[in-house]
Amino acid sequence: MLFRAVIAAALVLQCAVSCTHGQRIRLCADRGCTNVISEAVALEDSQVVHDRYLQCKKGDVIQVLSKISGGNQELWEGKVLGGASGYFQASTVEETNKIAEAFPQQELEATWRAEQAKQLEDRLLQPATPQQQQQQPSGPTEGQQQQQQQQ
């Protein structure tokens, strides 16, 4: 149990260190950045500079999926209700409705990995049920019988 706590703490610390050295930080509501963080309204028609950018018109409602900060700009990722998805400048929208708390994606990944490790550990340490005990052979296995005959 102590080992698991040490690993989880190390992963969170690694995120904290790497996230503070000028790298971009991607904030999400879930590990895959698929849940909506907030809703925003476009303040202007978008000027698409790349096919990965969001095409929207002034007044469009955008569901924000992630927020990327760092460097010289803030890029957010989202989708227009019933339309396309992509990246857009945070300064081109006004956030209107916060839906979920956003966390650094690396932290969400570390938390998920720690939860998976705990579930696996719990399964491995769980005592066998009566059904599992009945499925286990009661006598020596075929390999053990061959070894006994050779001796």
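**Reading strands, core and surface**

Guide: Let's start with Leu-120, which sits in helix 2 (residues 105–125). Helices here are DSSP runs of H or I with at least four residues, strands are E runs of at least two, and both are numbered from the N terminus. The model is predicted, so local features need pLDDT of at least 70 and side-chain atom pairs pLDDT 80 or more, while totals for chains, interfaces and linings use all residues. Residues count from 1 along each chain as its sequence is written, and side-chain values use heavy atoms, without hydrogens and water.

Visitor: Is Leu-120 buried, exposed or partly exposed, and why?

Guide: Buried means under 20% relative accessible area, exposed over 50%, and partly exposed in between (1.4 Å probe, protein chains only). Leu-120 has 43% relative accessibility, so it counts as partly exposed.

Visitor: Which residues make up the largest nonpolar core?

Guide: In soluble globular proteins, nonpolar side chains tend to be buried together. A nonpolar core here is a set of buried Ala, Val, Leu, Ile, Met, Phe, Trp, Tyr and Cys residues joined through side-chain atoms within 4.5 Å. The largest one has eleven residues, including Ala-40, Val-64, Trp-76 and Phe-88. Strand 2 (38–42), strand 3 and strand 4 (75–80) each supply at least two of its residues.

Visitor: What is Val-64 in contact with?

Guide: Contact means heavy atoms within 4.5 Å. Leaving aside neighbours within four places in sequence, Val-64 touches Ala-40, Trp-76 and Phe-88, among others.

Visitor: How many bridges join strand 1 to strand 3?

Guide: Two strands pair if DSSP finds at least two bridges between them. Strand 1 (residues 25–28) and strand 3 (residues 61–69) run antiparallel, with four bridges. One partner pair is Cys-28 and Ser-66.
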